[in-house]
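Work through each task before reading its solution.

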Amino acid sequence: MTGKAQAVAAAARPARTAAWSWWADVIASAGAVSVLIVVALWVRGGGVQDLRGWAAGLTSLGRLTGLVAADLLLIQVLLIARVPWIEGTYGQDTLARWHRVVGFVSFDLLLAHIVLITAGYAATDGASVTGEAWTLVTTYPGMLLALAGAAALTMVVLTSLRAARRRLRYEAWHLLHLYAYLGVGLALPHQLWTGADFTSSRAATLYWWTAYAACAGAVVGFRLGLPAWRTMRHRLTVAAVVPEAPGVHSIYMRGRHLDRLPVRAGQFFQWRFLSGPGWSRGHPYSLSAVPREDMLRITVRSRGEGSEKVSELRPGTRVLIEGPYGRLTAARRTAPRVTMIASGIGITPLRTLLEALPYAPGEATLLYRARSAEDLVFRQELERLAAARGVRVEYLLGPRGREDSWLPAGVGDDVKALRELVPDIAQHDVFICGPDEWMQAVVRAARQAGVPAERIHLERFTW
């Protein structure tokens, strides 16, 4: 290895798993505590006593559901704010799943809040529910803004349903999803002007202002500020675009002080290339080589409009970066021996890990799945690694067999084949990268072959 690669390999030695577990517990506990604080503030404000009456009880439950919905909405924003110690602890795939679950729960509570508050006020005033709803929207300060915010959040939720996501391109879905920030912002004046629980005590006011400020600061700092600073500091530009296989190209980028970029082998960035229309769309691509002091490389398969444009980039094109992200790194490693299992373009982060990880000859195995020899990416590089570092490389070529199999047609039983390819697989760390359904098939086979769940490492890039 080069001196730079050796330095990265040394830095890539297994991190203390207990520290990551400790951070995970702290972060999850902080979210639960925030909900408990909101409930405690509601109790302190007389929420429980108000439940004794019908009208007051409806209103009190409406206040509670609205407060918890607002708190969960802020937690949802924090989950996707790219806060480094949160993202580094859980990974974007886990945070995205939590973001989705918390978002649906928050939206359900928001609907309950609207219904309960309107019904409670109507019962108090002796008015109809529809009449009271009109009065609330047209006469209470901030309610029109809150209604617009609820509409924005409704659009975000509807486009997050699986059926809707299947019909939308990622770029369109991502643009619509940004309206969640608008929904959160429009809800704030309503809480300030008409939310008794927001201003009922100094403790409540301090909590809510702190929560909103923390979320706004996280979004501005980590979604906008940090990427802008790193982009300006490292000044990346496209140096060359090199074909690797049919429909696959590597993009080499030059920059400054790239040795100071806090990136680990196996991680990815969101890339934006200033090459014309569509430049604002971020593309999540993993590094496909250990970074050098003046060069980064990604490798992209052309699958859609965005990736096809990437393969057509010209030298000199400026690059905006956001990241690094991802937990498919040496920090996950727990065993001396490792097996990498890749399919197609999923070889990119695993090829980087093979270059950077510390291991002795014979301690690393690569199982590389592709439709044909022509579709293999980095074949010469992998064979050089095999010769220089003793990596055992097995190519699994041919069209896919059964839909629930990760092997080519005609190979046979998934578990038996895995045990034959790597007899001591149960004692290995297993790193997996490829299409989502294919990775699920690999995980099933690995678990049935005796690999503990904590030694199976993968990240999903589905949205």
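Two rings of Phe, Tyr or Trp (its six-membered ring) count as a pair if their centres lie within 6.5 Å. Keep in mind that this is a predicted model.

**Exercise 1.** Find how many aromatic pairs the whole structure holds, then classify the pair of phenylalanine 269 and tryptophan 271.

*Solution.* Searching the whole structure gives eight aromatic pairs. For phenylalanine 269 and tryptophan 271, the ring centres are 5.1 Å apart and the planes meet at 50°. Planes under 30 degrees apart would be stacked and over 60 edge-to-face, so this pair is tilted.

**Exercise 2.** Work out the strand order of the open five-stranded sheet and say which strands stand at its edges.

*Solution.* The order is β9-β8-β7-β10-β11, with parallel pairing. β9 (392–397) and β11 (456–457) each have a single partner strand, so they stand at the edges and one side of each lacks a neighbour in the sheet. Next, look at β9 and its partner: six bridges join β8 (residues 364–370) to β9, and leucine 367 has glutamate 394 in β9 as its bridge partner. Helix α14 (residues 347–356) touches β7, β8 and β10, at about 155° to β7. Helix α17 (residues 436–448) lies across β7, β8, β10 and β11, at about 165° to β10.

**Exercise 3.** Locate the ring that the charged end of arginine 389 sits over.

*Solution.* Start at arginine 389: its charged end is over the ring of tyrosine 359, 3.8 Å from the centre. Then turn to arginine 82, which lies over the face of tyrosine 325, 5.4 Å from the ring centre.

Key:
Residues numbered from 1 in each chain as written. Predicted model: local features only at pLDDT ≥ 70, side-chain atom pairs only at ≥ 80, totals over all residues. Heavy atoms only, no water. Lys NZ or Arg CZ within 6 Å of the ring centre and 35° of its normal. Pairing = 2+ DSSP bridges. Helix = DSSP H or I, 4+ residues; strand = E, 2+ residues; numbered from the N terminus. Contact = heavy atoms within 4.5 Å. Axes fitted to C-alpha atoms, helices over the stretch in contact; angles between N-to-C directions.
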